[in-house]
Amino acid sequence: MKNLWKLYGKYFSIHLRSQMEYKTSFLLTTLGQFLVSFSALLTVRFMFLRFYEVDGFTYPEVLLCFAVVLMAFALAECFARGFDTFASMLGNGTFDRILVRPRGTVFQVISMRIELSRLGRVLQAIFVLCIVLPQSGVHWTADKIFTLVLMVAVGVVVFSCLFVVYASICFFTTEGLEFMNIFTDGGREFGMYPFSIYGKEVLRFFTYCVPLALFQYYPLLYLTGRTENRFYMFVPLLGLLFMVPAALLWRVGLKHYKSTGS
Amino acid sequence: MKKYWSFFRMRFLGGLQYRAAAWAGIATQFAWGFMSLLMYRAFYDADPAAFPMEFPQLATYIWLQQSFLALFNMWRYDDNVFESITTGGVAYELARPIPLYAMWFTSGIASRAASAALRCVPVLAVAFFLPEPFRMHLPSNVGVFLIFAASLIAGTCLTVALQMLVYVSTFYTLSSMGVRIVMMVLSDFLMGQLIPLPFFPESLRRFAELTPFAGMQNLPLQIYCGTVSGSAMTQALALQMFWLGTLVACGALWMRRSLRRVIVQGG
């Protein structure tokens, strides 16, 4: 295990140095990531210039939600990007090389790509958090800070699992399946608002099928003082269960794998 | 003219081949449209009086947006063009007896039209039969529809004309990354891709309507929904034509100038 961490550190430093070779390109992409999420932030602002609240949530509360989802997504994209671009790895035969190496496939796919420019979005999320933390009306006691950290951490895991599911499907289709975007990119875009605003069915879907609401809506209820029930504070942990189907699907896909031959 | 037509047909028919991708795209766009509508619905329920459009108009706007996404999105470029510029392949293109600008322009329009043609029919077909208030509506009369169609075509041309400027800038920068990102963020925002222009604050909306971006997706869709009509519509259409003329002229001139001094790299 220690060995794996050391190896990952090596990979990380390689990725870091290689991306720093093209500094302008790196800075531009980071800036681009920042701008894209900044325009999303502006749309939320515009909506709240017109409307006072949505489904009982105020502007700072929605921003809290926005920042958590954005940060979780960006970190997942930064570190689990290998699964997101897995179709090309299958297409050009890189995956065959992975299979003959003496390390786990998941570990290798993760360490193949680390996209540091995605930190532009993390920067945006931190920026939003800095503004919103003091004015959200939340009294920041230790348990609330813990909840916030847990939301982001589980968010990273759930989004990463979605990328794994996406990659597993590639074993069967070779091409990436555009429809999965609705859960990854869509999860980020629509997760700007608490999932309850989309109605009961959608909330149920994002609770039981694709557990995005587990690290977003339910703990937010606790964070904003809508409920005193400590259970909601630990709800994100249930989201970790999503790792089970993702891992299973990956296994099934791996068994099914046939090289594309190029 | 005939050569452009056959070139257009070639690219259009080529684009129609990607049917499996289109089906996946349709499903995604459908889900995306539905989620957007549910979000707006929540805001509508919070305060109907503050809603700047009528809800059926917004539903129509969203479905049109999802159907014709391929016509206006600014993240879709012809990678062959960039490649031909950076690898020097553009030298071959220059040897052809068609002006380069016209050729790339036609090709851009054709691939967009093909992709939109594949996607719009199923999305629209379902959108018309959804339950109220999420249903797509017909325009108020045939005249409005014709103006919508004309401005849809002009808007597509405007989008491609803007992209041509990005292509030409690649002659100078070789890597178009930065320009592309800024262009994408600006256009997505100002053409009403993220939220429709009526949801903007008043002063920013007035400014956005003056930019070329407003003529891209915003104008045709708003004409169809009936949120822009009468003299405001005439003015907006005139502005759309003005920007189209200006951007095409600028692009063509700029390209001529840069081609005069272009140095083809490599062998």
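Residues are numbered from 1 along each chain as its sequence is written, and chains are lettered from A, with ligands numbered from 1, in the order in which they are written. In this predicted model, local features need pLDDT of at least 70, side-chain atom pairs count only at pLDDT 80 or more, and totals for chains, interfaces and linings use all residues.

Start with confidence. The score is pLDDT, the predictor's confidence in each residue, from 0 to 100. Chain A has an average pLDDT of 87. In chain A, 98% of the residues score at least 70. Confidence in chain A is lowest in helix 5 (residues 86-91), where the mean is 80. It is highest in helix 11 (residues 200-209) of chain A, at 93.

Now look at the fold of chain A. It has 14 helices and zero strands. Both kinds of element are DSSP runs, numbered from the N terminus: helices are H or I with at least four residues, and strands are E with at least two. The radius of gyration of chain A is 19 Å, close to the 18 Å that the globule rule gives for 262 residues, so chain A is as compact as a globular protein of that length. That radius is taken over C-alpha atoms, and the globule rule is 2.2 Å times the number of residues to the power 0.38. Along its principal axes, the C-alpha trace of chain A spans about 55 × 40 × 35 Å.

How much of chain A is buried? Of its 262 residues, 40% count as buried. A residue is buried if 20 or more other C-beta atoms lie within 10 Å of its own, exposed if 12 or fewer, and partly exposed in between, with C-beta atoms placed from the backbone. Contacts tell another part of the story. Two residues are in contact if their C-beta atoms, placed from the backbone, lie within 7 Å. Take the contacts in chain A with a separation of 6 or more: residues 24 or more positions apart account for 78% of them.

Next, follow some helices of chain A. Helix 1 covers residues 2-21, which is 20 residues. From first C-alpha to last, helix 1 of chain A reaches 29 Å, close to the 28 Å expected at 1.5 Å a residue. The expected span is 1.5 Å times one less than the number of residues in the helix. Helix 1 of chain A is hardly covered, for its count of buried residues is zero.

Move on past helix 2 of chain A. The loop between helix 2 and helix 3 (59-79) of chain A holds Asp55(A). Its phi is near 50°, a positive value in a residue other than glycine. Is Asp55(A) buried, partly exposed or exposed? Asp55(A) is partly exposed, because 16 other C-beta atoms lie within 10 Å.

Helix 8 of chain A has 17 residues, 119-135. It reaches 25 Å, close to the expected 24 Å. A kink of about 25° is centred on Leu129(A). The bend at a residue is the angle between axes fitted to the seven residues ending there and the seven starting there. Buried residues of this helix include Gly120(A), Arg121(A) and Val128(A). The buried residues of helix 8 pack against helix 2 and helix 3 of chain A. After helix 8 of chain A comes Gly137(A), with a positive phi near 80°.

Turn to chain B. It has 12 helices and zero strands. The radius of gyration of chain B is 20 Å, close to the 18 Å from the globule rule for 267 residues, so chain B is as compact as a globular protein of that length. Its C-alpha atoms fill a box of roughly 65 × 40 × 35 Å along the principal axes. Of the 267 residues of chain B, 40% count as buried.

Two spots in chain B deserve a look. A cis peptide bond joins Glu132(B) and Pro133(B), with omega about 0°. Pro133(B) is in the loop between helix 7 (100-127) and helix 8 (142-173) of chain B. Leu165(B) sits in helix 8 of chain B. Leu165(B) counts as partly exposed because it has 16 C-beta neighbours inside 10 Å. Beyond its neighbours within four places in sequence, Leu165(B) is in contact with Leu247(B), Cys250(B) and Gly251(B).

Finally, see where the chains meet. In all, 30 residues of chain A are in contact with 27 residues of chain B. Helix 2 of chain A gives the largest share of the chain A side, 13 residues. By class, that side has 18 nonpolar, eight polar and four charged residues. Here Ala, Val, Leu, Ile, Met, Phe, Trp, Tyr, Cys and Pro count as nonpolar, Asp, Glu, Lys and Arg as charged, and the others, Gly among them, as polar.
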